[in-house]
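Please look at the model below, beginning with the ligand and its surroundings.

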Amino acid sequence: MLKRLEIVGFKSFAKKTVLDFASVTTAIVGPNGSGKSNVAEAFRFALGEQSMKSMRGKRAEDLIWGGSHSMPRANRAAVSIVFDNSHRSFKIDFDEVVIERAVFRDGTSEYSVNGSRVRLRDIEELLAGANIGETGHHIISQGEADRILITSPSERRSMIEDALGLKIYEFKKNEAQKKLTKTEENIAQVNSLRRELTPHLRFLENQVKKLERADLLRIELISLAQTYFAVEDAYLTREKLIRAREKQGAAERLASATAELSEIEKRATVDFESTKYLALVRTMEHDIERINTERATLAHDIGRVEGALAAAKEHSERIIREPYAKVPREDIIALAQEVDRQKEEANTSADALIAAISAIHKTIRSFVDRFVAPTDDLLADEERTVYTLENERTELLAKETKLSEELERTKSALARNREALTAQEETGRELHRRVFDLAQTKAREEGKVAQCEAHERGIILLSETLEREKSEVLALAGVAAVSYAPLSMWPDEERKVQEDRHHSLERMKIRLEEAGGTGEDIRHEYKEVSAREVFLGTELEDLAKSAAGLGELIRNLDVELSKHFSEGLAQVNASFNEYFALMFGGGSAQLMLEGSSDETSEEQEQPGIEIVVNLPKKKVRSLMQLSGGERALTSIALIFAMSLVNPPPFLILDETDAALDEANSRRYGDMIENLAKKSQLIVITHNRETMSRMNILYGVTMGADGISKLLSVKFEEAVQVAK
Ligand code: ATP
């Protein structure tokens, strides 16, 4: 598997030196101090050895060519090992794997695999995968063969584990452990994130609950608002109609009253007419008064004339009586009867009266002529007086008759006029009453119109308020709140019901305003935060799962490790015992797990490993009691046993055979040959027996320039060189 080693500037190999390992066994021979061990150390170095001590140095620069008179010091030491990987022992897809390490004077190292820079860790993993462990059990340094004997039980266990190829489990376990730690950190982190998130989430949850309540409230408000607006619309429309009708009625009544009033005003002559009648009545009353006065005067005159007439008549009678006393009585009675008769006839009219009077006069004349002739003269005077007086009386009576007639006429005219006046006055009073009524009607209807107008203004204000309310509700609860079907009929309800609705609506509006908007941002944030919470929850579950998986893996690895370890240990023990008996010609050797009573280390859970040997024919209590050769034999037996159970790809043995006598050198040689069947061997030796068993021999020399040089040699030359 090992193809080649290339060394540049490493320790005494100042110049580029190439070792080809074309065969299974290679021996490196040369005089003391020529640089053979440096070759073994070059291997260690390239494979990532971190201990300076195991490369016999203190600082990095001890590894770099220090310079000599012929060649100046180098700044860099580099070693590359070329492996054949056609069997894919290394888990990378190349037929050849080149592992290279370079170190600089400042102590920094660079690693690369097939030319690509990698970390030390990558190298370690790669090597562990190919059973080239880090404890270097496959490189046995000079004088270090018995390291496995003197090391601590736990270190020994580690070396054996490494040799058994169990380091890969350690790696896996460490890796799983690291992952587990990381996972646990992540779990803690996620938990802390969740804890941080929880109060905010709870806050948001509450907010969203509030918003949901506000949503319900909004739905309620929308329904209420729809009813309220529909009813209010219907109410306003109805009110408008009622008021308009009322106003129209009032206006009509007002107009008719106004028209009637102006009509009445036009007829103001009524008053004039009644004045006319009044004047007539007054005049007639005056006329009646005058007539009565005139009649009184006339009556007086008539009285006076009748008085004078009676006196004249009396006087005439006395004249007659005294001289004419002898007049027969029957004649006088006859005369009187005649006069009465004629007087009766005179009652019909004034003319009849006058005729009667003439007749009476004639009668009397004839009587007088017969009986009173002798006294005619006397009597004639008296008769003239009577006559005059009677004429006067007749005239006066005629006047009186006229006046009576005039009085009667005037009285009836007065009565008529009074009647007319009364009628006229009645009409006037009626008109006044009507005017008063109309004025009252006018005032009342004007009042009504004004009232209606005030009401209309009120309705306009209400309409404006309604519009404002609509826009407020629209802003609060969206368009649904103002989208409603108008009422098909007026709901026969009290205004109080709508007022209550309004109060409820106002209260809801306030509550909704307090809830503060639709809260889209809060809802969005809540969605995000709860999604994050869910995400964290799932992540936590995943992490827990992966932690559980890792725990399981670690446990499985532990189980596997301990299984392989105990199996491997048993196998190693068998070979160890066999080799030991072979080397010592008897006896026995065994690796034993330390007693679990080991309380020295808490970290070390696994028990360490002790070596128990029984030499033939000798009684030894501890390894320390063995001779140098015995120690070398024991450690070789163990190393070889280990190598046989889990053969490493190659084994480098630096003068492991130094302490062996001839007989043991032969046994050693046999074992090496046996070993070479499984592993490639590079042996640094001075032992002729060993050399004789090797296929390829390299000779290392060092000249005066202090530079190690390499050359291929034949067996005989090698024996020579080795001396
Ligand atoms: P032996 O047979 O006695 O074991 P060897 O062949 O194994 O000897 P090494 O121990 O490999 O010899 O080589 C030691 C030599 O390497 C010494 O001469 C030492 O001076 C030389 N050497 C070691 N380190 C450096 C260095 N950094 N620069 C130059 N030379 C060095």
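A residue is near a molecule if one of its heavy atoms lies within 4 Å of it. In this predicted model, 19 residues surround the ligand, and the closest are Asn32, Gly33, Lys36, Ser37 and Arg56. The shell divides into four nonpolar, ten polar and five charged residues; here Ala, Val, Leu, Ile, Met, Phe, Trp, Tyr, Cys and Pro count as nonpolar, Asp, Glu, Lys and Arg as charged, and the others, Gly among them, as polar. Helix H1 (residues 36-46) gives the most to this shell, with three residues. Helices are DSSP runs (H or I) of at least four residues, numbered from the N terminus.

Local features need pLDDT of at least 70 and side-chain atom pairs count only at pLDDT 80 or more, while totals for chains, interfaces and linings use all residues. Residues are numbered from 1 along each chain as its sequence is written, and side-chain values use heavy atoms, with hydrogens and water left out.

The side chain of Lys36 places an N or O atom 2.7 Å from an oxygen atom of the ligand. A polar backbone atom of Gly35 is 3.0 Å from a ligand oxygen atom, and a polar side-chain atom of Glu655 lies 3.4 Å from an oxygen atom of the ligand. The protein covers 73% of the 650 Å² of accessible area that the ligand has on its own, by the Shrake-Rupley method with a 1.4 Å probe.

Ser562 is in helix H11 (residues 520-584). A polar atom of the Ser562 side chain lies 3.1 Å from the backbone oxygen of Val559.

Notes
Polar contact = N/O pair within 3.5 Å; in protein donor to acceptor, adjacent residues only side chain to side chain. Helix = DSSP H or I, 4+ residues; strand = E, 2+ residues; numbered from the N terminus.
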